[in-house]
Amino acid sequence: MDAIVIPEHYCSREILDKEIKNVFHKVWSFVCLKSELANDNDFVTKNIGNTSIVVQNIRGEIKAFLNVCSHRHSRIQCEQKGNRPLLCPYHGWSYNKDGIPTGIPKKPYFDFQKEDLEKLKLKEVKIDFCGELVFINPNDDSESLTEYLDDFYEELEKISNNIGKEVDINEMKINANWKILVENTLESYHVALIHTDTFLRLGTSGIDFSFAGKNSVWTTQLAKGENEGKNAIIHKPFQDRDYKIDGYKHFIIFPNLLISSTYGISFNISLIEPIDESSSRFISRVFVTKTHTNTENSPLVDAYYKSLVQFNRDVFSEDKEICEHVQLGVQSSPYSGQLSKEEKRVWHFQNSIINLLNDK
Ligand code: FES
Ligand SMILES: [Fe+2]
């Protein structure tokens with residue numbers, strides 16, 4: 001079957017601008033885990049195109065605002081994450097939990113009335129949660145997060161509530177259009193040649209896909225069971241947990257969030273963000289499950305964590321290399337591209353993109 005996204009769409013600034021407007025500004029975007037915003041003044045910033053949004057814990061409430069000061073337009077939080085009040089670094093305006101500037105140095109010079117301050121309120125952005133997952137949506141008219149995640153809501157909620165220790169965060173710039181990277185994660189057709197010493201060894205197989213709204217999941221058995229052979233020793237410390245699956249699951253939450261799990265013991269959360277039409281930022285985080293028993297301070301567990309980190313880094317550097325080759329090729333491809341049944345999730349992703357670009 002012909003692919004839907006044509007080669008030109010992977011190399012055009014104009015198309016990327018349209019995607020930012022019609023896709024990224026219209027749907028729910030993953031920001032972080034709730035645990036990263038646990039304390040008063042914890043914040044995370046999120047860029048959607050050139051728009052920066054700050055998500056901040058303000059006296060126990062997690063709020064999202066456009067990250068632009070109402071005085072003279074500085075970014076209010078300038079780092080990716082941190083802990084500081086919602087206070088502009090330029091002239092020191094500070095904002096309350098409703099986004100109203102309540103702390104203004106040399107205030108009498110402004111002659112502000114109370115209603116003037118209300119008008120200078122930061123633009124609030126919609127925020128919602130699926131368990132521990134924090135999402136924002138710049139589109140005031142969008143469907144709810146529950147509707148957006150559709151049939152996957154409950155399982156994602158469960159997964160997120162079982163995500164425990166973070167064992168790796170790997171951020172890299174990849175010289176490929178963001179859709180090439182997303183599409184690469186949506187098919188296992190490439191595993192045989194690209195991941196010979198890594199993913200291939202897990203023994204994934206099949207085309208057990210399901211779709212919910214713009215999202216999809218792939219479920220597969222693995223060559224070895226959770227407690228088969230050596231796995232029995234490696235996985236022993238993680239037996240007492242609440243989320244168990246038979247093999248491997250890989251979700252895409254459209255358009256750029258990937259969540260996967262192996263046996264429900266390890267989890268990967270990856271985000272793919274466009275930098276420009278031919279380069280992207282790939283942020284991949286690895287976690288292990290929460291357990292009801294203490295798994296720390298064991299050499300066996302430490303070795304397992306190390307192997308997860310190595311695996312994660314090896315797999316994604318293999319993907320980086322091939323995706324950069326695709327970017328070089330797509331610029332002069334005479335064909336639209338072909339998709340097999342094994343690449344059905346790519347088709348579904350492309351279809352969602354094109355529908356949004358055409359405003360359907
Ligand atoms: S620009 Fe923010 S206080 Fe002046
Ligand atoms: Fe891959």
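Modeller: Gladly. Two strands count as paired here if DSSP finds at least two bridges between them. Please keep in mind that this is a predicted model. By that rule, 3 strands form an open, antiparallel sheet, and their order is 1-9-8. Strand 1 (29–33) and strand 8 (126–130) each have a single partner strand, so they stand at the edges and one side of each has no neighbour in the sheet. From one strand to the next, the twist averages 30 degrees. Strand 1 is joined to strand 9 (residues 133–137) by 4 bridges, and the two run antiparallel. Within this part, Phe30 is placed opposite Phe135 of strand 9. Packed on the sheet is helix 4 (residues 153–162), which touches strand 8 and strand 9. The direction of this helix makes about 75 degrees with that of strand 8.

Now for the wider setting. The chain is divided into domain 1 (29–141) and domain 2 (162–357), and the C-alpha centres of the two domains lie 32 Å apart. The largest nonpolar core has 75 residues, and among those with the most contacts inside it are Ile53, Val134 and Ile252. Helix 8 (residues 299–330) gives this core its largest share, 6 residues. Both domain 1 and domain 2 supply at least three residues to the core. Leaving aside residues up to four places away in sequence, Ile252 touches Leu186, Asn215, Ser216, Leu257, Leu258, Arg345 and Phe349.

A few backbone details deserve a look as well. Most residues other than glycine have a negative phi, and most peptide bonds are trans. The peptide bond from Phe254 to Pro255, however, is cis, with omega near 5 degrees. Pro255 sits in the loop between strand 13 (248–253) and strand 14 (257–262).

Two residues other than glycine have a positive phi: for Arg59 the value is near 50 degrees, and for His73 it is near 75 degrees. Arg59 belongs to the loop between strand 3 (51–58) and strand 4 (61–66), while His73 lies in the loop between strand 4 and strand 5 (81–83).

How values were computed
Residues numbered from 1 in each chain as written. Chains lettered and ligands numbered in written order. Predicted model: local features only at pLDDT ≥ 70, side-chain atom pairs only at ≥ 80, totals over all residues. Core = buried A, V, L, I, M, F, W, Y, C linked by C-beta atoms within 7 Å. Buried ≥ 20, exposed ≤ 12 C-beta atoms within 10 Å, placed from the backbone. Domains from an automatic or database assignment. Contact = placed C-beta atoms within 7 Å. Axes fitted to C-alpha atoms, helices over the stretch in contact; angles between N-to-C directions.
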